[in-house]
Amino acid sequence: MPARRLAAALIFAAAVLAARVHAQAPEENPPRTDGEQAEALKPMPDWALVRLAFSGLGTSFDQLSAFGDKIMTNSGALARGAATNWLFSIPIDEGLDPKRPAAIFWLDAESADGSPPLAYALPLADAAKFKAVLAAAYNAEETSGVQKIVIPQGFDKPEKVLFARAEGSFAIVAPDEETLGKLKAWTALGGKLVPADAPAAVASLNLPALRKKLGGEATALDGIFGALMPAAARQLPAVKAQLRAMLGDLERLEFHVSVAPSALNIAAHAHAKPETQLAKWWAKPPAKFESPLVKALPADAFACAAAPLSYLVWLEEQAGAAYEARAEGAGHEKDLAPARDAWRAALAALYGKLQGEALYALRSPEDGKVEGVGAIGSSEPAAARAAFDAYLKALASYAEKAARLEAKLAADAPAPFALEALDGGEAGEKAGGYRLDFADGFAPPEVSVDRMRRYGAWPLQIRFAEVDGGLVLAPGKRGAQALAAAAERVKAQAEAKDAGAPGLGGEAHRFPAGTLLGVLVRPAATYRALLALAAGPERYNLAALTYGLDGEKDPPIHVALGAGDGGASLRVTIPAASGTAIVTLIFNTMSQGISPRELLK
């Protein structure tokens, strides 16, 4: 494990919906703690797994239509029709109020095809007109206020049978009369369907029911996991156990989806029960992003990641604790203690010299390789460089000691790997670096080496240099050139005092306070870089593939993972122009006969 962590440190890479999903126990509606106005809402019914509510039956889909038109002219109506046809089994255009909320329920049961059946609570405007539509479309006769709807499915699938009742404020639809009665009682309960300030959609998850599903002998998760990762299917019981434990620690899970013509905003928010391990992990939010070294990142980067140092310290501590438990189980803890303590001391000394956030950006030169540059702020760049040097040496010593113990090597046996010092190269005297050399039998598998070599990441090495405001780091064979270019960017930006950071670096400051990990990805530039890596820069006409998709026409998708006050959130913002770029890439890919499998090689 330490060897793998050392390799990860040398590579130094950092990687990742508005519907609101409100997950709760069905027997109660827990107090809201996310700053929104507290309102009396209808509870989550115990007979449903998921409730998906719309702030307006028609207006929510109108917003989707407007966003679709921004992506591609006249595509909004098609997107709206596809969404409504997929979600609703019956017409929703007549007899209903498009401005009032509606809800769809995924029931805690199974239909004939094995999927959870659906039920609906729709805002009624004209009961007679709604009934007439069902009678005309499905010859649905009414008995005691209930219409029976039979929908042919075609081929060898059984007919879908639904029961509908239209009275009062709601038209309700369910797959059987028992559920229809439960739905009628639920609609009669007090409280609003969605908060007044709800986004386009509001969904609720029945956490106790989901935990029960995960505890069963076989669930949909088994099939999905087995299909996607057949070699890892044996790990499914452990995965399900971890999911059950996590759901047990959650008080609420929320997803937000809001749609505007300019962007689609997706967010997920989880809130842990007090005193649980999750609540402790999510207790303290990091500060707002404000690193001055965003100016060190290349303007033509296709992806960028940023994380506060406090989060990186936590990750390092968790990884260290996990390995220590493994070493203790193997009886190596005592032998490893001196090297471990030296590594911990070096880590503490390093973080004591750093501040702000760690930033990392990727760009793709014309030859199809990938070039990465990282930056970390420091008020004492020289001391930070020395501390980083000492940290790498301590980590290497710890990793070597652990590898010897795991492989049961004699004390006088050759080291399984070693750090070889590198000079600063083009980065100058204020730079240094190391390369990781493996002894025979200890190198990564040849297939991994070939892939890293193709990406320009083999041999494993990293260079680092001090600049005004902190450290810059670069892995791979191009490290020295990348560092020199980063230092020049910092110098040029310092001279142009009023200039903002170009490219994705400037976008990083838009991450909200409390962000643990922020990621920016330009879809067209990223697709081009990945295809060049997978197939080679000369195999396809990459210029034609992404023609015109740059600058404002290829804006970044924002992803932010945050935490604080016992909760965690994931926010994704997809600009309409990014959607246009993605659609254009799909068409261009098809026209050139490129298979998406190229990206998976």
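The views show a predicted model, in which local features need pLDDT of at least 70 and side-chain atom pairs count only at pLDDT 80 or more, while totals for chains, interfaces and linings use all residues. Residues are numbered from 1 along each chain as its sequence is written, and side-chain values use heavy atoms, with hydrogens and water left out.

View 1. Helices (H or I, at least four residues) and strands (E, at least two) are DSSP runs, numbered from the N terminus. S60 counts as buried, at 5% relative accessibility; buried means under 20% relative accessible area, exposed over 50% and partly exposed in between (1.4 Å probe, protein chains only). Residues up to four places away in sequence not being counted, S60 touches F54, S55 and A200, contact meaning heavy atoms within 4.5 Å.

**View 2. Crossing of helices α2 and α18.** The axes of α2 (residues 59-71) and α18 (residues 576-591) come within 8 Å and cross at roughly 60°. Helix α2 is therefore oblique to α18. Axes are lines fitted to C-alpha atoms, for helices over the stretch in contact, and angles run from 0 to 180 degrees between N-to-C directions. Angles under 35 degrees count as roughly parallel, over 145 as roughly antiparallel, 65 to 115 as roughly perpendicular and the rest as oblique. The crossing of α2 and α18 is right-handed: the near helix is turned clockwise from the far one by less than a right angle. F67, K70 and I71 of α2 make the contact with A576, G579, T580 and V583 of α18.

**View 3. A581 in helix α18.** With a relative accessible area of 0%, A581 is buried. Its contacts, leaving aside neighbours within four places in sequence, are P523, L549, K553 and D554. A581 and R522 are 59 residues apart in sequence, and their C-alpha atoms are 9.2 Å apart in space.

**View 4. K42 in the loop between β1 (19-24) and β2 (48-54).** K42 is buried, its relative accessible area being 4%. Its side chain reaches the backbone oxygen of L189 at 2.4 Å. Not counting residues up to four places away in sequence, K42 touches R51, W186, T187, L189, G190, G191, K192 and L193.

**View 5. Helix α4 (residues 127-138) and its ends.** The N-terminal end of α4 is capped by D126, a side-chain oxygen of which lies 3.2 Å from the backbone nitrogen of A128. N139, with a positive phi near 55°, follows α4.

**View 6. Positive phi at S144 and D565.** Most residues other than glycine have a negative phi. S144, in the loop between β5 (142-143) and β6 (146-151), has a phi near 55° and counts as exposed at 67% relative accessibility. D565, in the loop between β20 (557-564) and β21 (567-575), has a phi of about 55° and is exposed, with a relative accessible area of 64%.

Conventions
Expected span 1.5 Å × (residues − 1). Polar contact = N/O pair within 3.5 Å; in protein donor to acceptor, adjacent residues only side chain to side chain.
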